[in-house]
Amino acid sequence: MSSSRRAACAAIAAMLLASCGFHLRGEYNVPFASVMVAAPGTSQVADRIKRELTNSPTRLAATAAEAEAQLSVMSERRDRIILSLSGAGRVREYQLKLTVQYQLVDSKGGVAIPTSEIQLQRILTYDDSQIIAKQLEEAQLFRDMEQDAAGQILRRMTAIKKPA
């Protein structure tokens, strides 16, 4: 394929994407110059929030003293609940749940976002003959929920009106 043909295909693809309203999400414009993200243990949601903030004008602070705000991810819980069984008593579906509790406090101790909870859930169909594939699918569903929770928290942070 010639380079002019590739360029034409790329231009057509770009026009199609633009015409359907697609645009890149871009960065989150949090109204704080620096934020410290605190979480107990290994919080995947907190890690995703930190990753998103490194791609924004907001600086990640190492301590609460040097931050304009502190985001605390207080808990992050994963649950897998049996949703349905087959006639033979084998699991057919699981309900996967991710629950995240968080709070945002500014440097003066004012509560910008009171303690809030995000609950996300997905349905996982299960088949004993595809155990490894279903384990991978479960892990992917939890990663998607983590990304969704981090996005919800960041969007809520961007909606804050910083006091003058």
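Among contacts in the protein between residues at least 6 apart in sequence, what percentage join residues at least 24 apart? The figure is 67% in this predicted model. The protein has three helices and five strands, and buried residues make up 32% of its 164 residues.

**Overall layout**

- Read from the N terminus, the elements follow the order α-β-α-β-β-β-β-α.
- Helix α2 covers residues 44-54, strand β4 covers residues 91-106, strand β5 covers 111-125, and helix α3 covers 131-158.

**The aromatic pair**

- The count of aromatic pairs comes to one.
- Tyr94 and Tyr126 form this pair, with 5.5 Å from centre to centre and 80° between the planes.
- The pair is edge-to-face, because planes over 60 degrees apart are classed that way.
- The two residues are 32 residues apart, and the pair links distant parts of the chain.
- Tyr94 belongs to strand β4, whereas Tyr126 lies in the loop between β5 and α3.

- The ring of Tyr94 has the charged end of Arg80 sitting over it, 4.3 Å from the ring centre.
- Glu137 and Tyr126 are eleven residues apart in sequence, and their C-alpha atoms are 9.8 Å apart in space.
- Glu137 is part of helix α3, and with 31% relative accessibility it counts as partly exposed.

**Helices α2 and α3**

- The axes of α2 and α3 come within 9 Å of each other and cross at roughly 55°.
- The crossing of α2 past α3 is right-handed.
- On the α2 side, the residues that meet α3 are Gln44, Val45, Arg48, Ile49, Glu52 and Leu53.
- On the α3 side, the residues that meet α2 are Arg143, Glu146, Gln147, Ala149, Ala150, Ile153 and Leu154.

Note on methods. Residues are numbered from 1 along each chain as its sequence is written. This is a predicted model: local features need pLDDT of at least 70, side-chain atom pairs count only at pLDDT 80 or more; totals for chains, interfaces and linings use all residues. Side-chain values use heavy atoms; hydrogens and water are left out. Rings of Phe, Tyr and Trp (its six-membered ring) pair if their centres lie within 6.5 Å; planes under 30 degrees apart count as stacked, over 60 as edge-to-face and the rest as tilted. Helices (H or I, at least four residues) and strands (E, at least two) are DSSP runs, numbered from the N terminus. A charge sits over a ring if NZ of Lys or CZ of Arg is within 6 Å of the ring centre and within 35 degrees of the ring normal. Axes are lines fitted to C-alpha atoms, for helices over the stretch in contact, and angles run from 0 to 180 degrees between N-to-C directions. A crossing is left-handed if the near helix is turned anticlockwise from the far one by less than a right angle, and right-handed if clockwise. Contact means heavy atoms within 4.5 Å. Buried means under 20% relative accessible area, exposed over 50%, partly exposed in between (1.4 Å probe, protein chains only).
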